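Please open the structure in your viewer and keep the selection tool at hand, as each stop below asks you to pick something out and then says what is there.

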Amino acid sequence: MINITNLEKVYRTDEVETIALNKLSIEIKKGEFVAVMGPSGCGKSTLLNILGLLDDPDAGSFVFNGTEIAKYNERQRAELRKHNIGFVFQSFNLIDELTVFENVELPLIYTGVKASERKQKVDEVLEKVQIMHRRNHYPQQLSGGQQQRVAVARAVVNNPKLILADEPTGNLDSSNGNEVMELLTNLNEQGTTIIMVTHSEHDARYSHRIIRMLDGQTVTENILI
Amino acid sequence: MFKNYLKIAYRNLMRNKSFSLINISGLAVGMASAILIFLWIHNEISYDQFHEKKDRIYEAWNRDVFSGKLQCWNTTPKVLARTLEKDFPEVESAVRVNWPSSFLLSIGEKNFAGRGNMVDSLFFDMFTIPFVKGNSQTALKETYSIVITETFAKTLFGNEEPMGKTIRIDNKDNFTVTAVVKDAPNNTRFRFDYIMPWSYLRKQGNDDEYWGNNSTRTYVLLKPNASLASINEKMKTLRKTYDSDEPKGEMFLYPISRWRLYSKFENGKESGGLIEFVRMFSIIAIFLLLIACINFMNLSTARSERRAKEVGIRKVVGASKFSLIGQFLGESILIAFISGVLAIIIVQLSLPAFNKLTDKILFIDYSNAYSWLFFIGFILFTGMIAGSYPAFYLSAFKPVKVLKGTFQKTRALITPRRVLVVLQFTFAIILIISTIIVKEQIHYAKNRETGYDKNKLAYMFIVGDIEKNYELIKNELLSSGTAVSITKTSAPMTQGWSDTWGIEWEGKAKDDKTDFDRFCADDHLATTVGLQMVAGRDFDLKKYNTDSSAVLLNESAVKAMGFKDPLGKTIRDNGKEWHVVGVFKDFILQSPFFPTKPMVIEGAKGWFNVMHIKYNDKNNMAANVKSTEAIVKKYNPMYTFEHQFVDDEYNTKFKAEQRTGTLATLFAGLTIFISCLGLFGLAAYTAESRIKEIGVRKVLGASITSITSLLSKDFIKLVLISFVIASPIAWWLMYNWLQNYPYRISIHWWIFLAAALTSIAIALITVSYHAIRAAKANPVKSLRTE
Ligand SMILES: Nc1ncnc2c1ncn2[C@@H]1O[C@H](COP(=O)(O)OP(=O)(O)OP(=O)(O)O)[C@@H](O)[C@H]1O
Ligand SMILES: [Mg+2]
C-alpha cells in the first residue's frame, strides 16, 4: 500500500539544518498494523506527517496505492488525503467550537456526503466508540479518554484505508489508553491499515510489526506476528 | 457545508463577545457613514437626470472678457429664446425661466406666500414633470392660468378640488388653476410651488427685447440628431449680429448632464465645481468603510493563534484551502450583514440631522428594488473586503506547524497589521489637521473687520404698501423711539445686487473695464449702518437738497478712479451725473473671504428695495422688533411682517465653510472612533498574548508603569509614523483648499503639533485601558495558565 524509498526531509532554520529523515525506506502492506518507535527527535512525527500527506518530502519516492505522489501539490494531496487517510493525535485536536457530533461529522462534510447519510454514519461510529450519549457535548466537557475516542471516531468515520496515529495514548492513563488501543485493533481487524507512533512498548504490542528509528533512519524491524 | 460555516461563525461571534461587538459596531458605523455619503452622492449625480429628453436639453451660456478675465455666466437676454428658435433650424424649442417671484397669493380673505416662476409655455414639454391633473399642452395656454404642485394645492385648498379654482395674485389679477403637478423631486434645480406663463410677465411690462439685459435663463431643446458642435460654432457670433453693446460676447449651449456638477468656469473653461465635492466625498466614504474593514482584518488576524488550530484540524480532516477561504469569508459576510442591518438603523436615525447639515432631503427609497439590490451588494462587498485578507491569511496555515505547536507569531518590523493601523491613523490625523485648519480659517474671516456696525441693525424688504408709506413708517419708527436712524438702500448690506463697469469719470482710460459694486441709499446711510468716513460726509437730504444726486465712494473706488482729491468730483452712471460728497472705508459687501471691490453708493435718485433700521439700544430688542411689526403692519396690512438682523444675515456668509468644518469634524470624529475601536481590540489581544511575559516580568520586579508603557509603546510608535505620513498630505490638501480664499490664514506649525498631541492622547487613552489592566493582573494567575 505504501512504499517509500530514500525519503529525505531537512528542516532549515536560520543557521541550523536538521536532517529529520535520512534516506528512509519503508514498505507497508494493506491491512498491516505497524508501530513506529524511537527516541525523541528521531523523526517519527515527521515521517507520519509525510505519510499523511500533511507535509512533502525533500527527496525520495513515495508510492501510495501504486501512484507516485512525492511531487503532488497541496491541492492534490488534500484531495487524496480526505478520501483515504484518518488521523489521531496525541493532543486529540478537536475543534472547541463544535460539538462531539459536529466534530465527527466534519470529514463527511468535506467529502460532500448528504446530511441524512452523515447523521447515520456519525451515529454509527459514535456508537462504536461508545460516546453516543455525549454527542451534543463540547470537547471541553469530556475527559481525555473520551476526547480521544471522539478523535478516533472522527478519523474513521469516512472509512479511510489508512489511519495514522501519533502517540494516541500519550496523554491518557493506562485504562483509557487500553480502550483506545482496543478500538484501533478492532479497526485493523476490519481491514484498515494502521501506522502508530508510540513510546510505549505496551501499546506497541498491539501491532504486527515494530519499526525502530534513530536519527531519521530505521534501525531494526521486529515482526510480532 | 454552508450551514456548518454559519454555525461556527455564529458560535465564534457569541464566544468572543467583545471582539464581535468591536467589529460589528465599527463596521456598522463605517457602513452607515458610507451609506449616508452615498445617498448624498447619488442625489448629486442624479440631478436633473430624470428628464426624458435630457439628451437634448441645454442651457444657454455666455462667455466674455471682464477685467481681463474670460468669464462664463448663464443669464441671457430675454429675446434670446425667440431668436434661437427663429435662426437655428436645429432648435426645437427654447424656454425661458425667470427668477423666482414671490407674489402674494390670495384665496378669498386668506393670503399665502410661495415660490413660483414664470416660464414659456413649452416648459412642461421640455422638462419631465408629471401631471396629477390637467395636461402639459393646455396648462399654460392662457395668460391667467397657474399650475401648482400637489403640496401647494393642499396648502391653498386643503382637500378641495383645486382645478378651476381662482387665485388672486398681488391683489390685482385673478388666475385659474389649470393643472396640478407632482412636487419636484429632491434632485432638480426646478423647485417651485407654482408656475405661471411668461405672457403674464409680458403683460406686467417686464419683458424686453434688449440684448444688453442679461436677465433670464434660457433653456434649449435641440432636435434629435442636431449637432451641438455646429450650433455652438454658430452661437459664437450671435451677439455680433444682434448685440451692438457687446458684439464680442460669445454664447454657447451647455448640456444638462453637466449643469449640476461641472458648471464652475475659469478662464472660459470648466474647472471643478461640485464634482470635486462628489469625488472628495467618495474618497472619504471609501476610506471610512475601509477603516472599519481594517478593524476586522486586524482583529481577525490578531486572533489567528486561536484559530490556527481549527484551521489545522479542518485541513487534516479534508478541508481544502478553498473551502476554508469560503468559511472565513462567510463569517465576515455574516458580520457585515449584522452590521449592515445596524447601519440602516443608524442611517435612518441620523438622516434628519444629516439632511439639515447638507441642506438636502435625502431618504432611503425602500420601495425601490435597486435600493435592496444595492444594499445586498454593499454587504457582500464589505464582507469580502473585510474578510479577504484574514481568509487568505488564516487558510494558508500549514497543519503540520499549527498542530505541533511550533506556530510562531511574527516578530517582523513591518507586519500587515501595523501597516493597517498606520493607514487608519494617517487618515484620522489628516482629518484632524484639516478640521483645525478649516475652523481656524472660518475664525479668521469672522474676525475680519466688516467695515460697518452690524450691531442692532436690521432690514426689511420694501414690499406692498411700504414704498407708498415709507416716510410715515420711518417717522413713526423714529418718533416712537424704536429706531435711532433709518435709511433706504438698493440691497441688503450683506448682498451685492448690482455691479457695473459702465461708470465714467474724468480721466478714465478707454479700455478700463474696472467692475464697481453699485449700491444706493437715500439718506443718513453712514449714520445708520455705521460706515467709517475717511473724507467728506454722509448723505443728508435735509441739509443739502442736492444730495439726491450725491455719491459716496469707497477707498478702493477712489484709487481705481485715480482721484487725488475726490470730494466735489463728478462721475456718470446710468446716464446720470453724481457728485462725490464723501469717501468711506471699504466694507465687506459680499464674501468675507475676498478682497473688497471698488464701490459707489448713489444717492436718493437711485432705486430702492430695502429699508435698514438702526434700533435704539435703550429698549430691549424684542420690544423694538414688536413695535416695528405693529407700525409696519399698520401701513402694510396685506403682507406678513418679515425682518432680518444684518448680523444673522452676515453669519450666513460662512455657511458653506461652516458646513465644510462640521463635515470635517464629523468625518474626523467617525474615523477616530472607528480606528480607536480597532486599537482597543488590538490592545486587548496584545495584552492577552503577552500575558505570560508580563507575569514573568512582574515576578522579576517590573512596575505597573513600566509594563503599561511597554505595552503602549508600540502603538504610540505607530501613531507617530502615521503623523509623519499624514502631515505633508494634510498640508498639501489644506494649502490647496485655502487657495480658494484670497483672505486666508497661513498654515502654522502649532496646528500640526496640536494634531500630533491629540492623536497620541487619544491612542494612549484607548490602549492604556488594557495595558494597565494587564499590568495590574496577578502574575500567579497568568503563569499558572500554562
Ligand atoms: N518545523 C521544524 N523546524 C525545524 N526543525 C524541526 C521542525 N520539526 C521538527 N524538527 C526537527 O526534526 C527532528 C525530528 O522531529 P520529529 O518531530 O519528527 O521527532 P519525533 O521523533 O516525533 O520526536 P518526539 O518523540 O519528541 O515527538 C527533530 O530534531 C526536530 O527538532
Ligand atoms: Mg513526535
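Select His524(B) to begin, in this predicted model, and you will find His524(B) in the loop that runs between strand 21 (516-520) and helix 17 (525-529) of chain B. His524(B) has a positive phi of about 50°, although it is not a glycine, and with a relative accessibility of 28% His524(B) counts as partly exposed.

Next, turn to the segments of chain B that the unreviewed UniProt entry lists under "transmembrane region", among them residues 418-438 and 715-735. Residues 418-438 of chain B are 100% helix, with their end C-alpha atoms 30 Å apart, while residues 715-735 of chain B are likewise 100% helix, with 29 Å between the end C-alpha atoms.

Stay with chain B and select Ile721(B), which is placed in helix 23 (residues 704-738). Ile721(B) is partly exposed, at a relative accessible area of 41%, and together with Ile725(B), Ile729(B), Trp731(B), Trp732(B), Leu733(B) and Tyr735(B) it makes a nonpolar surface patch of about 660 Å².

Now select helix 22 (residues 691-699) of chain B, and ask which of its residues are buried. They are Ile694(B), Gly695(B) and Lys698(B), and because these residues cover an arc of only 100° around the axis, they sit on the same side of helix 22 of chain B. In general, an α-helix has 3.6 residues a turn, so residues three or four places apart point the same way. Just after helix 22 of chain B, pick out Gly701(B), which takes a positive phi of about 110°.

Move over to chain A and display its strands, where four of them form an open antiparallel sheet in the order 2-1-4-5. Strand 2 (17-28) and strand 5 (67-68) of chain A are the edge strands, each pairing on one side only. Within this sheet, strand 1 (residues 2-12) and strand 4 (residues 59-64) of chain A run antiparallel and are joined by five bridges, and selecting Ile4(A) shows it opposite Phe62(A) in strand 4 of chain A.

For the last stop, select Asn159(A), in the loop between helix 5 (144-156) and strand 7 (162-166) of chain A. The phi of Asn159(A) is near 50°, a positive value in a residue other than glycine, and at 58% relative accessibility Asn159(A) counts as exposed.

Terms used:
Residues numbered from 1 in each chain as written. Chains lettered and ligands numbered in written order. Predicted model: local features only at pLDDT ≥ 70, side-chain atom pairs only at ≥ 80, totals over all residues. Heavy atoms only, no water. UniProt positions renumbered as here; feature names shortened; annotations may be inferred. Helix = DSSP H or I, 4+ residues; strand = E, 2+ residues; numbered from the N terminus. Buried < 20%, exposed > 50% of the residue type's maximum accessible area, 1.4 Å probe, protein only. Arc of directions from axis to C-beta. Patch = residues over 30% accessible without salt bridge, like charges linked within 9 Å, V, L, I, M, F, W, Y side chains within 5 Å. Areas by Shrake-Rupley, 256 points an atom, 1.4 Å probe, with all protein chains shown as cover. Salt bridge = Lys/Arg side-chain N within 4 Å of Asp/Glu carboxyl O. Pairing = 2+ DSSP bridges.
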